[in-house]
2 protein chains.
Amino acid sequence: MSSESVKSINVGICGLGTVGNGTLSIIQNNADEIARRLGAELRVIRVATRSLNRDEVPGVANLGNDPFAVVNDPAVDIVVETIGGFEPAFEVVKQALGNGKHVVTANKALIAERGNELFAVAEENAVCLAYESSVAGGIPIIKVLREGLAANKIKWLAGIINGTGNFILTEMAAKQRQFEDVLQQAQELGYAEADPSFDVEGIDAAHKLTIMASIAFGIPLQFAKTYTEGISHITPEDISYAKELGYCIKHLGIARLSERGVEMRVHPTLISSKQLLANVDGVANAILVNGDAVGSTMYYGPGAGAEATGSAVVADIIDIARYLLADAKTPVVPALGYRSMHQDLEVLSIDEIESEFYLRITAMDKIGVMARISGILQEFDISIEAVIQKESISEYVPIIILTHRVVEKQLNQAIESIEAMADVSESITRIRVEPFHGEQG
Amino acid sequence: MSSESVKSINVGICGLGTVGNGTLSIIQNNADEIARRLGAELRVIRVATRSLNRDEVPGVANLGNDPFAVVNDPAVDIVVETIGGFEPAFEVVKQALGNGKHVVTANKALIAERGNELFAVAEENAVCLAYESSVAGGIPIIKVLREGLAANKIKWLAGIINGTGNFILTEMAAKQRQFEDVLQQAQELGYAEADPSFDVEGIDAAHKLTIMASIAFGIPLQFAKTYTEGISHITPEDISYAKELGYCIKHLGIARLSERGVEMRVHPTLISSKQLLANVDGVANAILVNGDAVGSTMYYGPGAGAEATGSAVVADIIDIARYLLADAKTPVVPALGYRSMHQDLEVLSIDEIESEFYLRITAMDKIGVMARISGILQEFDISIEAVIQKESISEYVPIIILTHRVVEKQLNQAIESIEAMADVSESITRIRVEPFHGEQG
């Protein structure tokens with residue numbers, strides 16, 4: 001290709017942390033292949049980073065520490081926001097969109113919590129705000145939901161969308177280890193932050209689930225309505241009992257659209273060991289999606305890492321470049337996949353959700369206790385699918401119960417009654433069970 | 001939405017077999033949801049089908065038996081080709097493109113064997129020829145390779161891309177059954193055709209693999225150069241021995257780009273039982289893709305069926321409709337993902353390919369035979385990774401050998417020498433082994 005006749009698309013990057021660096025190195029290392037795909041050159045012409053060591057940022061003409069200099073550079077076509085957090089990221093993205101620039105961000109918190117505002121600004125300015133890399137790292141799940149499965153009414157999706165949490169649960173299951181013990185190892189390996197609450201309490205997963213639910217069902221982003229429960233209360237015993245019953249425990253984000261409303265929830269979940277999702281181990285991510293036409297499909301891959309996440313950032317850049325080169329009135333695909341969203345679909349509170357449940361009750365090893373527990377469940381119209389009564393280790397014995405489907409608030413009332421029994425000790429452990437029936441929801 | 005102000009995109013369908021019917025019913029059943037996504041109505045205004053029973057085709061204004069009437073209808077924006085086979089499908093697609101219409105086809109044979117010609121016609125006329133549904137049914141693998149992973153140099157991909165073959169191998173493995181026995185069951189269940197050779201001899205998979213390799217590496221379609229081997233020679237014994245060694249046998253399509261050239265091949269393959277791909281059972285499809293930035297990702301779902309395949313056809317239609325509504329100079333994405341293809345990448349013959357191998361040798365149960373076999377392998381520089389020598393059932397004993405990597409023609413020479421031994425009976429069974437090292441290729 002003669003460089004004279006070749007168009008070029010100019011990229012500016014704000015923030016050279018892990019993802020920003022991954023993005024820059026992919027654009028530079030795969031420049032020829034990307035130029036062949038586009039029929040144009042993709043060039044990073046300006047970078048804003050706190051570190052101004054030019055040796056660490058080779059091949060970039062303009063290097064500074066002010067992201068707004070990138071946003072205000074008339075030569076920049078596409079701004080990449082890889083700063084993270086809310087400020088100045090929000091302002092950077094907003095100003096870039098206001099300047100008529102397309103923006104690619106990897107910032108899941110920003111999209112999940114302030115995406116509605118930002119997409120409105122993008123629409124006013126007829127530019128793209130792309131965010132493939134904000135969910136499940138290198139897996140192109142946003143594109144799949146927004147385009148690949150666009151023929152479908154999505155019925156539900158369920159994903160392992162936090163690698164740290166999945167690593168911890170995988171290790172606990174494989175080696176019968178305690179949560180705190182594996183968490184410490186994950187921190188040593190660099191899989192978990194010094195403050196791990198974002199990962200293990202489910203906030204990170206809730207950001208991603210909120211985004212996927214919005215695209216899947218065509219509803220506005222509603223992070224505040226996503227139920228979020230972490231994995232710190234899961235014990236090796238629960239993992240063992242679940243295994244005995246043919247299940248494993250995964251930390252899932254689940255979104256479902258039923259006649260009763262929208263479910264958005266992140267919590268530990270028992271799933272059948274035969275499920276492909278049950279075989280997704282370690283730091284990997286995977287999302288199972290059920291559409292009314294296609295049935296169930298699954299998407300697996302690395303959910304984090306510089307180049308894996310950078311792969312998704314650069315895919316967004318290539319998408320936008322292709323639109324630009326085709327002289328499209330961008331965006332070709334609406335930000336959340338819908339030109340006319342379902343504004344009125346109600347999000348159910350966790351109390352209203354129907355689920356099967358795993359219960360672990362620690363009770364006195366006496367005649368009549370199990371009968372009384374069964375009686376209470378029956379009073380609340382909760383039928384039992386399976387029971388394991390373990391050998392007593394002390395005067396107490398663990399009783400494991402799998403229930404059939406029941407509305408959660410009804411189950412909570414039953415649990416309260418059982419906990420009030422004199423012969424029942426401690427609080428009852430309760431984990432939701434997900435059978436993934438195709439016909440549900 | 002008031003129908004006055006709403007644009008409409010008009011679709012014509014040629015061929016109402018399984019996929020054509022699935023396509024029509026999705027467009028009709030999900031009309032509202034699709035209209036919300038597009039901000040426009042998608043309407044099927046004309047259908048050509050051999051059956052002219054109007055009751056079977058409700059809601060379509062123009063029904064006839066001539067596909068060229070669809071192709072020549074000025075009101076039709078997008079033509080769907082679901083006739084199958086080469087003629088008249090080729091002529092229908094070519095004329096539609098020549099008329100400036102966008103075409104969506106589910107016809108893998110047509111794309112794999114005559115796609116280069118048809119894409120050239122599409123390009124001349126600046127229209128789309130989309131074919132998502134031609135590979136892996138409802139899994140949006142074409143979009144993933146062409147767009148979702150566009151930042152990457154794809155290093156290799158490997159897929160279970162024929163559901164019939166995977167059903168047969170899954171049943172053989174689960175129940176120790178013979179190939180012919182399971183094939184007959186598959187025919188009774190409707191999973192296999194009366195003439196099953198297209199599926200079990202690997203031609204169907206080779207069509208799909210050819211298409212994926214072309215998009216992955218940016219090379220022209222070269223079906224004639226895809227090595228194709230079926231599963232009819234696989235025995236329950238081989239499946240058992242593989243299992244003992246920690247492997248299962250899957251019928252895979254493998255494409256790899258290495259410094260030595262391009263590999264395109266379909267054959268039974270031993271893969272580690274721990275691989276996620278090894279857990280893909282029954283009629284499901286799954287494709288594992290390795291890119292230089294993202295690493296390994298996997299895509300799983302239904303590879304066939306009216307609505308699953310129709311989901312991919314309608315996704316293509318929605319893509320094109322979105323381009324049209326954005327006034328893009330279509331196609332936004334080049335047919336094979338590249339504006340400037342790698343015209344000169346050499347496709348390796350199967351003889352030139354390096355692989356590990358599983359060998360099953362039936363030899364006399366005598367002292368010295370194993371030593372002689374090892375000696376021959378050593379002569380040809382083939383090192384042994386594992387050996388199982390089974391108890392003798394008669395005077396003959398099966399010897400199972402796993403080799404390290406070797407160029408196939410070298411292995412063939414060694415096999416010839418071993419087969420020439422007086423103490424070796426029958427021909428040697430040879431199955432390729434795929435370790436999926438990320439660093440390979």
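Predicted model: local features only at pLDDT ≥ 70, side-chain atom pairs only at ≥ 80, totals over all residues.
**Exercise 1. Find which residues touch the most other members of the largest nonpolar core.**

Step 1: A nonpolar core is a set of buried Ala, Val, Leu, Ile, Met, Phe, Trp, Tyr and Cys residues joined through C-beta atoms within 7 Å. A residue is buried if 20 or more other C-beta atoms, placed from the backbone, lie within 10 Å of its own, exposed if 12 or fewer, and partly exposed in between.

Step 2: The largest core holds 301 residues, and A:L129, A:M212, A:I287, B:M212 and B:I287 touch the most other members.

Residues are numbered from 1 along each chain as its sequence is written, while chains are lettered from A and ligands numbered from 1 in the order in which they are written.

**Exercise 2. List the contacts of A:I287, leaving aside its neighbours within four places in sequence.**

Step 1: Two residues are in contact if their C-beta atoms, placed from the backbone, lie within 7 Å.

Step 2: The partners of A:I287 are A:A136, A:I139, A:I141, A:L157, A:G159, A:I161, A:M298 and A:Y299.

**Exercise 3. Work out how β11(A) is placed and what it pairs with.**

Step 1: Strands are DSSP runs (E, at least two residues), numbered from the N terminus. Strand β11 of chain A covers residues 284-291, and eight of its eight residues are buried, so the strand is largely enclosed by the rest of the structure.

Step 2: Sort the side chains. In a regular strand they alternate between the two faces of the sheet. Here A:A284, A:A286, A:L288 and A:N290 point one way, and A:N285, A:I287, A:V289 and A:G291 the other.

Step 3: Find the partners, counting two strands as paired if DSSP finds at least two bridges between them. Strand β7 (residues 154-160) of chain A pairs with β11(A) in the antiparallel sense over six bridges, with A:L157 opposite A:V289. Strand β12 (residues 295-302) of chain A is also antiparallel to β11(A), over eight bridges, and A:A284 stands opposite A:P302. A hairpin of three residues links β11(A) to β12(A).

**Exercise 4. Relate chain A to chain B.**

Step 1: Superpose by least squares on the C-alpha atoms of residues with pLDDT of at least 70 in both copies.

Terms used
Helix = DSSP H or I, 4+ residues; strand = E, 2+ residues; numbered from the N terminus.
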